[in-house]
Amino acid sequence: MVENFEGEHLLFGQLGQLSVYTAFVFALIAAIAFFISSFSNNELNQKLWRRAGYVAFFIQGAAILSIVVNLYIIIHSHYFEYYYAWQHSSKALPMNYLLSCFWEGQEGSFLLWMFWTSVLGIVLIFTLKEFQAGVLSVFAVVQGFLSSMLLGTYIFGYKVGSTPFALLRHEMGNAPIFQRADYLSFIQDGNGLNPLLQNYWMVIHPPILFLGFASTLVPFSFALSGLMNRKFTFWTKPVMPWALFSAAILGTGIMMGGAWAYEALTFGGYWAWDPVENASLVPWLTLIAGVHTALVFNKTGRSLRMTYVFFLLTFILILYSTFLTRSGILGDTSVHAFTDLGMSGQLVFYMAGLSIPAIILLLVYWRRIPSIKKEENLLSREFWIFIGSLIFLLSSLHIAFNTSLPVWNKVFGTNLAVPSDAVMFYNKVQLWAGVFIALLSASALYLKFKSSNAMQFRNRILLLLGITIPLTAVIAIAGKFDLVSNIILLFAAIFGVIANLYYFFIVLSGNWKLSGAAVAHLGFALTLIGILISSAKKETISFNSAGVNFGKEFSEAAQRANMLLYKNVPVKMDKYTVTYVGDSVSEPNYYYKVNYEVFDSATGQIKDRFTLFPNAQINPKMGLIANPDTRHYLTKDLYTHVTSVPDKTKQQASAQEEFKPYFLTKGDTIFTNNSYVILEDIARITTSKKVEIQPGDLIVGADLLVKTLEGQSFSAQPLFHIQGNRANLIDDKLSELGLTFRLNKIIPEENKIELHVAQTEPEPDFIVMTAIVFPYINVLWLGIIITILGFVISMVRTLQNRRSAQQITAKRPVAERVTL
């Protein structure tokens with residue numbers, strides 16, 4: 001057995017693994033220290049244990065930073081002796097995509113989650129005055145669970161976690177190559193990043209989304225701390241800035257995921273109700289409900305119980321979504337889910353270890369949580385906010401239940417069918433949730449807490465309806481909306497826009513500081529308009545007018561919606577003349593160049609001209625991987641993606657080649673039917689993507705410059721490979737010209753080579769593509785941005801109010817202060 005392996009860089013892995021153990025141990029120590037401090041009745045003991053918790057939490061934070069640094073060094077340096085680096089990265093990836101490699105795998109994404117949780121915990125240490133020990137004890141417990149996911153060690157025969165610092169030879173030890181001390185000399189590159197993730201959104205989307213996941217722990221920790229310490233009411237005001245921050249960040253992360261899907265996936269949209277998309281949306285819905293009920297309690301003393309329910313449920317749903325996406329149970333129903341790394345049991349334990357105590361404490365103290373017995377006034381803001389929060393809850397339950405069908409089937413042995421058309425299935429229900437939320441969020445602002453002036457409310461609503469109804473009618477007729485449900489949604493969204501604009505400019509007189517709710521609700525209404533118009537009125541402008549059968553993998557609808565384009569043959573498509581003009585099919589770029597032109601019907605002159613570069617490649621493991629390209633206008637997007645391309649490797653293999661010999665020295669030229677070829681050099685090759693070079697091999701390459709009669713230049717390099725007593729001839733092919741070159745013999749005594757050249761008719765080059773126009777999709781993106789802005793405005797306002805209240809409290813005599 002080999003004991004010493006050549007070329008391995010073990011230090012970084014050892015430091016990283018030691019840091020994992022350190023983070024796990026000190027997270028548990030911090031949890032114990034904060035927990036004891038939280039329940040101690042002795043003030044000195046409280047301080048001592050709290051300081052011990054600080055030290056332990058800072059140490060685990062430093063350990064997490066060390067894990068991050070060491071793992072990034074391994075990935076950036078291409079140390080493929082580590083399984084994680086080999087599995088997720090390659091030398092061809094640019095720097096930004098190396099970052100994506102960091103969190104492509106389960107271990108890296110758990111590490112990202114740990115990092116943000118640690119950062120938020122440290123911020124709480126320096127900013128939180130009330131409930132600090134109780135809140136941080138929950139944080140430390142969660143860090144303990146998360147760090148256990150990276151342990152990769154056996155405890156009582158059970159493997160706990162999966163480490164990113166595992167060596168390739170340990171994970172694939174049965175392969176004969178690892179019986180050699182120099183095995184690394186045969187591993188020239190890694191597997192590379194999933195082509196679907198090679199998009200700039202995947203550089204920024206995961207960090208923001210996981211910051212959103214981590215931030216939901218703050219409201220959860222406040223609520224759980226309130227139950228543990230039986231201080232049921234004092235936490236709702238300090239939690240508000242954090243809850244609003246969480247809503248803004250998680251919402252931004254979800255939006256970025258939609259933008260990634262729109263730009264990188266080819267289902268023709270931004271939201272497909274994929275189970276992984278749903279898993280992040282559902283906690284956001286309950287979080288929004290919790291923000292609103294917490295606001296109600298702070299204003300009226302009502303809805304505290306539901307605030308506990310929503311904030312606890314939000315993080316529990318985050319844990320459940322983690323189980324769904326990482327247990328492998330969604331493998332057949334989601335394009336986003338991770339494969340199972342054998343941690344399903346640990347994920348269930350993690351989820352149960354935090355959920356069950358929270359639920360038990362809530363049930364035990366349910367009756368002791370303050371509530372007002374008297375029913376709310378029907379014309380009060382809190383009543384309709386509560387109704388809206390229940391709609392959010394029902395919406396989230398509908399999504400969660402149907403997303404979990406694979407779980408129900410596995411647990412109960414049932415065979416419930418997953419919706420075949422997820423978009424249609426969810427839209428039928430969620431459309432009405434959108435209608436009610438849009439109407440409630442717009443009208444509730446005109447009500448006051450506790451009681452309102454009925455006459456004033458009625459007059460304002462009638463005014464708003466007087467504007468909304470005719471405007472809806474005009475847009476519905478002009479836009480040719482025929483479905484009643486779509487017209488109702490259009491009405492609700494327009495009402496939301498008009499009502500929130502009126503509230504901001506007339507009621508608030510344009511006061512930005514007080515406008516958080518109006519701005520967020522305005523953004524939501526605009527988002528609904530953008531969703532409705534871009535989805536209901538999207539138009540596929542490509543059409544299979546020639547009646548080509550594209551194959552059984554194309555559905556009947558796809559057969560109609562796709563168009564065949566031969567290279568350099570213009571085709572009319574709606575108002576555009578479209579021409580496929582060529583490709584760049586060489587790793588890491590697989591772009592197909594498509595020219596669009598719009599001609600003036602009167603003059604025949606070109607009014608608009610642009611080029612799109614949709615990406616497509618035939619992956620041996622995943623089939624056709626395509627990324628669309630989009631032309632953005634102010635009022636629409638023209639979305640183009642390739643759905644089929646010829647497999648040029650198969651074309652080359654099937655070509656009937658007859659070789660003609662040529663004897664050449666350096667600088668000689670030969671002529672083919674459509675080009676001439678110059679032998680530029682004959683040189684020994686030490687590295688090549690075409691062949692795996694082993695010690696003792698000799699490879700010689702002929703560097704050829706090929707020029708067409710039109711002036712185009714190409715290069716080719718056939719190889720002569722001597723391995724032991726065997727010679728291998730490695731051809732190089734230029735499919736565009738129908739040429740194949742073979743270095744058949746080297747004649748060193750004459751400084752010549754024998755070059756064989758085969759000429760075949762190049763097969764027609766083509767692509768199959770679809771083009772979709774999304775009208776007014778920018779309204780959607782604008783609406784989402786405005787919604788997030790509303791959360792930010794509310795968060796800033798809440799922080800200012802908290803700071804002012806603390807300053808007023810500090811000025812009071814000590815005897816008058818309330819100890820929280």
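Which residue forms a salt bridge with Arg742? In this predicted model, the partner is Asp731, and the closest N and O atoms are 2.9 Å apart. The pair links distant parts of the chain. Arg742 sits in strand β21 (residues 739-747). Asp731 lies in the loop between β19 (726-730) and β20 (732-734). The two residues are 11 residues apart. Arg742 is partly exposed, at 23% relative accessibility.

The structure holds nine salt bridges. Two others are described here. The side chains of Lys666 and Asp681 form one of them, at 3.7 Å from N to O. Lys666 belongs to the loop between β13 (659-664) and β14 (669-671), and Asp681 to strand β15 (residues 675-684), so the contact ties together parts that are 15 residues apart in sequence. Lys666 is exposed, with a relative accessible area of 56%. Asp681 is partly exposed, with 27%.

Glu556 and Arg560 form a further salt bridge, with the closest N and O atoms 3.5 Å apart. Both residues lie in helix α20 (residues 556-561). They are separated by about one helical turn because they are four residues apart in that helix. Glu556 has 63% relative accessibility and counts as exposed. Arg560 has 46% and counts as partly exposed.

Strand pairing was examined for β16 and β17. Strand β16 (residues 698-708) pairs with β17 in the antiparallel sense, over four bridges. Val706 has Phe714 of β17 as its bridge partner. The side chains alternate along β17 (residues 713-716). Phe714 and Ala716 point to one face and are buried.

At the level of the whole protein, the chain is divided into domain 1 (1-198), domain 2 (213-404), domain 3 (419-537 + 776-820), domain 4 (556-646 + 768-774) and domain 5 (649-763). Domain 3 and domain 4 are each given as two segments. The C-alpha centres of domain 1 and domain 5 lie 49 Å apart.

Methods
Residues are numbered from 1 along each chain as its sequence is written. This is a predicted model: local features need pLDDT of at least 70, side-chain atom pairs count only at pLDDT 80 or more; totals for chains, interfaces and linings use all residues. Side-chain values use heavy atoms; hydrogens and water are left out. A salt bridge is a side-chain nitrogen of Lys or Arg within 4 Å of a carboxyl oxygen of Asp or Glu. Buried means under 20% relative accessible area, exposed over 50%, partly exposed in between (1.4 Å probe, protein chains only). Domain bounds come from an automatic or database domain assignment. Two strands pair if DSSP finds at least two bridges between them.
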